[in-house]
Amino acid sequence: MAARVLNVNVGVLGHIDSGKTALARALSTTGSTAAFDRAPQSRARGITLDLGFSCLRTALPPQLGPGPGELQFTLVDCPGHASLIRTIIGGAQIIDLMMLVIDVTKGMQTQSAECLVIGQIACQKMVVVLNKIDLLPEGKRQSAIEKMTKKMQKTLENTKFSGCPVVAVAAKPGGPEAPESENPLGVSELIEVLKSQAYLPSRDPSGHFLMAVDHCFSIKGQGTVMTGTILSGSVSLGDSVEIPALKVTKKVKSMQMFHTPVTYAMQGDRVGVCVTQFDPKLLERGLICTPDSLHTIHAAIISLKKIQYFRGALQTKAKFHITVGHETVMGRVMFFSPAPADFNEEIQENVFDFEKDYLYQEEYLSKDLVSSEENKENDQAGEVQLPKQQWALLEFEKPVTCPKLCLVIGSKLDTDIHANTCRLAFHGVLLQGMEDKNYTETFLPKLKVYKQKHKEGQVERVMDDYSVIGRSLFKKETNIQIFVGLKVKLSTGEDGIIDGGFGQSGKFKIRIPDGLKPDTKMLLTAASKKKSKGGKGDMTKEDESSKNDSAQPVTISLIFKRYVFDTQKKMIQS
């Protein structure tokens, strides 16, 4: 029986030109088909435009169990090019361990920070690699490395990678043009660190088969080969797999893992799957899966968290680049939270409850949000209360195909790449997809998101002990009839019910079922006497008397809620 091979996917991430591809090349012993800048434009420009894969095999370290075996590191060389951050986000979903490559002469740069954010979302462990140490003058090299190591440890202090190893290397001494005979520095030390950081990733062969394809080519007389990493489930020879983007199902004819034929592969494995012939140009990258297991959706509900390095508010109705599965599309967002009474309620992971009411938010609620005056006042009064969970409705500009409960990342990729700012805005989990094109009619009315409405008016005068006339609550043209029967509260404490309009100027009649309190009646009678004394012609006197009048006007408060997706726009009071 062949010795077991444990595969660990290592993402090689970092800012453009930090030497990621050179490092992957120095580490690897076997290149897979997608490896080392295969795209002609990549080679011409000397930068990685797509996920490249290669592998490194070494003896199984003792912490990973007894017995003979090999540890295979699949190196995922992610592009550092800013516009290609989508590709990295696609790759991050398959990474177990991350190498953050830093140019030792430059330190953290914009994209290094973004790679760190992606790592925090999608990865458990990290090793920092300080590359290009050959560029440091030999006399000062050690102190410069120590200084940069301290700086990196400080940067990572408040992340989940606090205390992670930092290794100094020169993957390609002398730069890209140097002869191949130049030996890399520090790479064998790095391999030892990687071995010490390797762990048994949790792999689950059950569930639907789903594979992220990053390269596709045909072999004459055999069929079309798709290479990629299995994100979930497993696949065997003879299985049928669906290519959702092409709406076709194909049979698996043969499979290989790094040039070794296999009959079975499972979650986490990097594999080439050969199926009956189709044009490889139709599928450069994408997903393949168990037939009918993916859904194509037009909108989705996600649970989300803001990325702390993103500057600025996340506003409802704003557009973001949404990365879902392996696709990035534009989408519009609407944020909502639990109803205020449920802010502290424990949240069920990965479940969305359509029975509950949710509160519409103009923007995502976060600690750094003190944009509205009301929040400033709350701040002075004490801590602004934040809900334990927030959600968003995403509406995509074009449909996306993805698995359920997949990772979602929202970013502003159109921000100037040279601006020193993080473009990743939020991340979350897709809880519910909407497959119906007419989801606004068929699905959204089930989503009970409401807006709280609060209107204020004044009592103009008393009619009798059980009714008053109010004003300033409605505009002249408002149809008061739709408000009849709604409850209001007077500032003096009485509860009332809107009874109907009064005249043509937006005034209305309020019935007070329990009657006016004597004090309220006195207050209102005094106020209207003062008004009539002022005389109609002499407005200045009336103004004077109302200024001197210590009696505050009696205000009327109308509070109701309206569900955002209720087609009848009903007003609801608890």
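Tutor: Let us start with lysine 132 and aspartate 103, whose side chains meet in a salt bridge with an N to O distance of 3.7 Å. Please keep in mind throughout that this is a predicted model.

Student: How many salt bridges does a search of the whole structure find?

Tutor: The search finds 14. Another of them joins glutamate 397 to lysine 319, with 2.8 Å from N to O. Here glutamate 397 sits in strand β21 (residues 390–402) and lysine 319 in strand β18 (residues 319–324), so this pair ties together parts that are 78 residues apart in sequence.

Student: What about the accessibility of glutamate 397?

Tutor: Glutamate 397 is exposed, with a relative accessible area of 52%, whereas lysine 319 counts as partly exposed at 34% relative accessibility.

Student: Which residue does lysine 561 meet in a salt bridge?

Tutor: Its partner is aspartate 357, at 3.0 Å from N to O. Lysine 561 lies in strand β29 (residues 555–563) and aspartate 357 in the loop between β19 (327–338) and β20 (358–361), so the pair ties together parts that are 204 residues apart in sequence. Both lysine 561 and aspartate 357 are buried.

Student: Changing topic to helices: at what angle do α1 and α6 pack?

Tutor: Helix α1 (residues 20–27) and helix α6 (residues 187–197) pack at an angle of about 80°, and their axes are 10 Å apart. The two helices are therefore roughly perpendicular to each other.

Student: Which residues make that contact?

Tutor: From α1 the contact uses Leu23, Ala26 and Leu27, and from α6 it uses Val187, Leu190, Ile191 and Leu194. Sorted by type, the residues of the contact of α1 with α6 are seven nonpolar, no polar and no charged.

Student: Which residues of α1 are buried?

Tutor: The buried residues of α1 are Lys20, Thr21, Leu23, Ala24 and Leu27. They cover an arc of only 160° around the axis, which puts them on the same side of α1. As background, an α-helix has 3.6 residues a turn, so residues three or four places apart point the same way.

Student: I'd also like to look at some loops. Where is serine 366 found?

Tutor: Serine 366 is in the loop between β20 and α7 (373–381), and at 14% relative accessibility serine 366 counts as buried. If its neighbours within four places in sequence are left aside, serine 366 is in contact with Lys306 and Leu386.

Student: And glutamine 348, buried or exposed?

Tutor: Glutamine 348, which lies in the loop between β19 and β20, counts as exposed at 56% relative accessibility. Its C-alpha atom is separated by 9.7 Å from that of glutamine 389, a residue 41 residues apart from glutamine 348 along the chain.

Student: One last thing, the backbone: what is phi of lysine 317?

Tutor: Phi of lysine 317 is near 80°, which is a positive value in a residue other than glycine. Most residues other than glycine have a negative phi. Lysine 317 is in the loop between β17 (295–306) and β18, and it counts as exposed at 58% relative accessibility. Serine 472 also has a positive phi, near 65°, and lies in the loop between β25 (467–471) and β26 (487–490). Serine 472 is partly exposed, with a relative accessible area of 46%.

Methods: Residues numbered from 1 in each chain as written. Predicted model: local features only at pLDDT ≥ 70, side-chain atom pairs only at ≥ 80, totals over all residues. Heavy atoms only, no water. Salt bridge = Lys/Arg side-chain N within 4 Å of Asp/Glu carboxyl O. Helix = DSSP H or I, 4+ residues; strand = E, 2+ residues; numbered from the N terminus. Buried < 20%, exposed > 50% of the residue type's maximum accessible area, 1.4 Å probe, protein only. Axes fitted to C-alpha atoms, helices over the stretch in contact; angles between N-to-C directions. Parallel < 35°, antiparallel > 145°, perpendicular 65-115°, else oblique. Contact = heavy atoms within 4.5 Å. Nonpolar A, V, L, I, M, F, W, Y, C, P; charged D, E, K, R; others polar. Arc of directions from axis to C-beta.
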